[in-house]
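I opened my notebook to get to know a new structure. Come along and look with me.

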Amino acid sequence: MCVIWGIPYLLIRVAVRDLSPATVVCGRTAIAAVMLLPVAAWRGALRDLWSQWPWLLLYTGLEVTGPWLLLSNAEEHLSSSLSGLLVAAVPLVGIVLSRLTGGDEVVDRRRLAGLAIGFGGVVALVGLQLGHIDLAAVAQVGGVAVGYAAGPLVLARRLSQLPSLGVVAMSLTITAVVYAPFAATSHPDHASGQVIASMAGLGVVCTALAFLLFFALISEIGPTRATVITYVNPAVAIALGVVALGEHLTVGMVVGFPLVLIGSVLATAQRSPAAPAEAVSSTALEADLRSG
C-alpha cells in the first residue's frame with residue numbers, strides 16, 4: 001500500500017503532459033468504477049447508499065471530485081515529489097478541522113507541538129523554494145489537503161454505517177460522470193505510450209486495486225495500524241520523482257519532510273488504547289486520500 005499510494009503523483013505528472021486534468025480524473029475514475037462497481041454490487045454494498053445520498057455527494061466532492069482535479073491541475077506546474085510532500089500534511093489539517101467542527105479531539109501539548117512542527121515543515125517545503133515554484137499550484141495542493149481531511153470527517157460522522165466499498169465505488173462513478181463532458185471536449189489528438197500506461201496504472205493499480213487492498217489491510221490489522229502507510233507514501237513519491245523523472249531533491253524537501261512526518265506522528269497519536277470511535281474511523285479512512 002505504501003508503494004501503490006506513493007506512485008500516483010508520478011503517474012499524474014506524466015499523464016498531464018498530453019491530457020487535460022479533467023481527462024486524467026475522468027479516465028482514472030471511469031477505469032476504477034468499471035472494476036469496482038460489479039464487486040460492490042456482488043457484495044450488496046450499493047443497496048443502502050441512496051438513503052444517504054446528500055452526504056454521499058458531499059463526501060464525493062470533498063474526497064474525490066474536487067481534490068483529484070486540483071491535484072492534476074497543480075502537477076502541471078509542480079514536481080510530483082513536492083506535490084506528494086505537501087499532501088502529507090493531511091493528518092495535520094484533519095486534526096484542526098475535527099476540532100473546529102465540534103469533534104472530540106483532545107488537543108494537548110503533544111498534539112499542539114506536533115501541529116507546530118508539522119506546519120513548520122510545510123513552511124519549509126514552500127518557503128525554501130520561493131521564486132522557484134508556482135504558488136497558485138501550491139494553493140491548489142492546499143485545497144487537496146483540506147478536501148482529503150474533510151472527506152473522512154463526513155464519512156465517519158454521516159456514512160460510517162454504509163459499506164466502504166459501496167461508498168468508494170459510487171464516488172468514483174459520480175466523479176467519472178461529472179467530468180465525462182469535459183474530457184470529451186478536451187481529449188488530445190495523440191497520447192504517448194507513457195501517458196496511456198500512466199492512465200492504466202492510475203485506474204487499475206492506484207485506484208481499483210488499491211482500495212480493495214486497503215479494505216483487506218484494515219480487515220487484517222485494524223484501521224489504526226493501517227494509517228502507517230500515510231507516513232511512508234511521501235518518501236515513495238520523492239524517490240520515484242527523483243529516480244524516474246529526474247526531479248531535484250531540494251533543500252526544502254530535505255528539511256520539510258522530516259518535520260511534516262514528525263509533526264503528523266505527534267499530532268495524530270492516540271492518547272490511550274481506548275480511542276473514541278469517531279477518531280479511529282476518521283483517522284483510518286484518511287488514508288483514502290492519499291491515493292493522490
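Here are my entries, topic by topic.

**Ground rules.** I am working with a predicted model, where local features need pLDDT of at least 70, side-chain atom pairs count only at pLDDT 80 or more, and totals for chains, interfaces and linings use all residues. Residues are numbered from 1 along each chain as its sequence is written, and side-chain values use heavy atoms, with hydrogens and water left out.

Helices here are DSSP runs of H or I, at least four residues, numbered from the N terminus.

**Leucine 172.** Which residues does leucine 172 contact, leaving aside neighbours within four places in sequence? I found Thr29, Ala32, Ala33, Leu36, Val64, Trp68 and Thr207, where contact means heavy atoms within 4.5 Å.

**Helix H7.** I checked its length: the 24 residues of H7 should span 34 Å at 1.5 Å a residue, and the end C-alpha atoms are 34 Å apart, which agrees. The expected span is 1.5 Å times one less than the number of residues.

**Cysteines.** I searched the whole structure for disulfides (cysteine sulfur atoms within 2.5 Å) and found zero. Cysteine 26 is buried at 12% relative accessibility, and cysteine 206 is buried at 0%.

Definitions and conventions
Buried < 20%, exposed > 50% of the residue type's maximum accessible area, 1.4 Å probe, protein only. Helix = DSSP H or I, 4+ residues; strand = E, 2+ residues; numbered from the N terminus.
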